[in-house]
Amino acid sequence: MEKAIRIDGLNVYYETFHALKNIQIEALPARAITALIGPSGCGKSTFLRTINRMNDLVPGSRVDGKIIINGVDIYDQQVDVEALRKKIGMVFQQPNPFPKSIYDNIAFGPRLHGVTKKSELDEIVESSLRQAALWDEVKDKLKKMAYDISGGQQQRLCIARAIAVNPEILLMDEATSALDPISTIKIEELAQELKSKYTIIMVTHNMHQAARASDHTGFFLNGELVEFATTEQLFSNPGDERTESYITGRFG
Amino acid sequence: MMQEQGIEMFKDKRKSIMNWLMPKLLFLCALVSIGTTVGIVWTLFGETVAFFKQVTVFDFITGTQWTPLIDPRSYGVLPLLLGTFQVTLIACLFAFPIGIASAIYLSEYAPNRVRKVVKPILEVLAGIPTIVLGYFALFFVTPQLQKIFDTMGIFNALSAGICVGIMIIPMISSLSEDAMNAVPKKLREGAFALGATRFEVATQIVFPAALSGIIASFVLAFSRAIGETMIVTVSAGATPKIDINPLDSIQTMTAYIVQVITGDAAHGTIEYQTVYAVGMTLFIITFLLNIVALLIARRYREEY
């Protein structure tokens, strides 16, 4: 197994609230899907947002410990946060396309990072939309506002937008929780296709989604990572009784 | 028992009277401002028509001499129009960049506790009486500028323009900041997650998304600047002439109106009617500007 990320003694505080407690993950696998599960407020989203340092934007948040990607601690003083975020795409709970055309949504990232040639942008837009399985549905209306397409399509647009800057890792923060079941299945299938190219980490509220869509699963509870294992093992033979209680529906 | 409970569901007389009365009362209040506007137009209209029975619209609009109070009399409004636009342009050139920059700072950069202090202070600026700003222009700004431009007159368009600019900055920054603040956080997050810097988020996501509000603030500020009276009366002078040198004295439409109203032009004379013609011109310009702004805002709005 190729490892993408190592987490070493990670603690996160919001003001005085200790949101993540000494998280330790030896190897988060590359080019696979890792699901993070746990009840509301357990810290799974916070954990996700430390990986692309989105938590830096929260006033009063503080991080210590290490997150090592490609041998570099991303919280090192020398790290350029914008360059880091370019490498780590993120898809949010609510589809959040920019109030621009479909084309400009995809081209936004590449333009930020210096792509200006129309032909090159056209190519990126098409390949990103194809990878997000959206091209056939929108190829005739690239100039239309992104808000004119359905919620499920918007979320795939956001995935395409994230892919357009050629990231290595894709973070999905409950990316299907605002969608209908059919759109949800589409996004899960899409994730399966994308994992050959990208390391995907998804936070999900839905245990069944973790069970059917992921290769590895981490279970968070009260800011602690209770268990991290292959999905098969975690769901069939959990090593911690709290995990067992949660996945059998005794709480949460 | 059953009956008593049922009674609670019948209409309460007082409540139904209120339900009937309230919308009518509120409508009456709304009518006040509409009524005022109609009244203003009506008053302006009567005297303006009387004026244009003596001077043709063409002479008024294209004439380059404005000497309605002294012989030989001439009623060309262009000098006043130019003076007004000169001051307004200077004010906007000064205030738009500063207003937008402070709005961006307050909305995108300032920590909460800084914003809580700075925003009210900025808004206090809006409460400075304009007569004070007028004397500020005359006794502070002009002497300072005269050190740089030695040909500058005591009364000039530049100082007046700058101080009108100071007057409209709070309006621009406050309204634009409201518009930027209203842009949903999730749009910013989307851009940050793609590796955008704070500045890129502000200029490429927040600014366009808030554009309609920002344009609205510009237009309101522009209208305020055009209609501003006290500052220009005190510091820009009373010499209506076609002169684009901002260091010279000019006269604006509003300052002219003050000059005549505070003088001894008798009711019904043409001097008196010029005030209405000029006032009508001012009214039409502001009115058209607002329509243009609405169209622009509708055309460029990025709806979120």
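Q: What should I know before I start?

A: This is a predicted model, so local features need pLDDT of at least 70 and side-chain atom pairs count only at pLDDT 80 or more, while totals for chains, interfaces and linings use all residues. Residues are numbered from 1 along each chain as its sequence is written, and chains are lettered from A and ligands numbered from 1 in the order in which they are written.

Q: Okay, sheets. Which strands form the open sheet of six in chain A, and in what order?

A: Strands of a sheet pair through backbone hydrogen bonds, either parallel or antiparallel. A strand here is a DSSP run of E with at least two residues, a helix is a run of H or I with at least four, and both are numbered from the N terminus. Two strands pair if DSSP finds at least two bridges between them. In chain A, the open sheet of six strands has the order β6-β7-β8-β3-β9-β10, with mixed pairing. Its edge strands are β6 (88-91) and β10 (224-230) of chain A, each pairing on one side only. Neighbouring strands of this sheet are turned by 15 degrees against each other on average, direction ignored.

Q: How many bridges join β3 to β9 in chain A?

A: Four bridges join β3 (residues 33-37) of chain A to β9 (residues 216-221) of chain A, and these two strands run parallel. If you want a pair to look for, Ile37(A) stands opposite Phe219(A) in β9(A).

Q: What is the order of the strands in the open sheet of four?

A: That sheet, also in chain A, goes β2-β1-β4-β5, and the pairing is antiparallel. Its edges are β2 and β5 (72-73) of chain A, with each pairing on one side only. Strand β4 (residues 61-69) of chain A pairs with β5(A) over two bridges, in the antiparallel sense. There, Ile68(A) has Asp73(A) in β5(A) as its bridge partner.

Q: Now helices. At what angle do α3 and α4 of chain A pack?

A: Picture an axis as a line fitted to C-alpha atoms, for helices over the stretch in contact; angles run from 0 to 180 degrees between N-to-C directions. Angles under 35 degrees count as roughly parallel, over 145 as roughly antiparallel, 65 to 115 as roughly perpendicular and the rest as oblique. Helix α3 (residues 102-112) of chain A and helix α4 (residues 118-131) of chain A pack at about 110 degrees, with their axes 9 Å apart. That makes α3(A) roughly perpendicular to α4(A).

Q: Which residues of these two helices meet?

A: Two residues are in contact if their C-beta atoms, placed from the backbone, lie within 7 Å. From α3(A) you get Tyr103(A), Ile106(A), Ala107(A) and Pro110(A), which meet Leu121(A), Ile124(A), Val125(A), Ser128(A) and Leu129(A) in α4(A). To sort residues by class, Ala, Val, Leu, Ile, Met, Phe, Trp, Tyr, Cys and Pro count as nonpolar, Asp, Glu, Lys and Arg as charged, and the others, Gly among them, as polar. This contact has eight nonpolar, one polar and no charged residues.

Q: How do α6 and α7 of chain A pack?

A: Helix α6 (residues 151-163) of chain A and helix α7 (residues 181-194) of chain A pack at about 20 degrees, with their axes 9 Å apart. That makes α6(A) roughly parallel to α7(A). Their contact divides into three nonpolar, four polar and two charged residues.

Q: Is Glu15(A) buried or exposed?

A: A residue is buried if 20 or more other C-beta atoms lie within 10 Å of its own, exposed if 12 or fewer, and partly exposed in between, with C-beta atoms placed from the backbone. Glu15(A) has 10 other C-beta atoms within 10 Å, so Glu15(A) is exposed. You'll find Glu15(A) in the loop between β1 (3-14) and β2 (17-29) of chain A. Glu15(A) also has a positive phi of about 50 degrees, although it is not a glycine.

Q: Where is Asn222(A)?

A: Look in the loop between β9 and β10 of chain A. Asn222(A) counts as partly exposed, with 14 C-beta neighbours inside 10 Å.

Q: Last one: how many residues of chain B are in contact with chain A?

A: 18 residues of chain B are in contact with 22 residues of chain A. Helix α8(B) gives the most to the side of chain B that touches chain A, with six residues.
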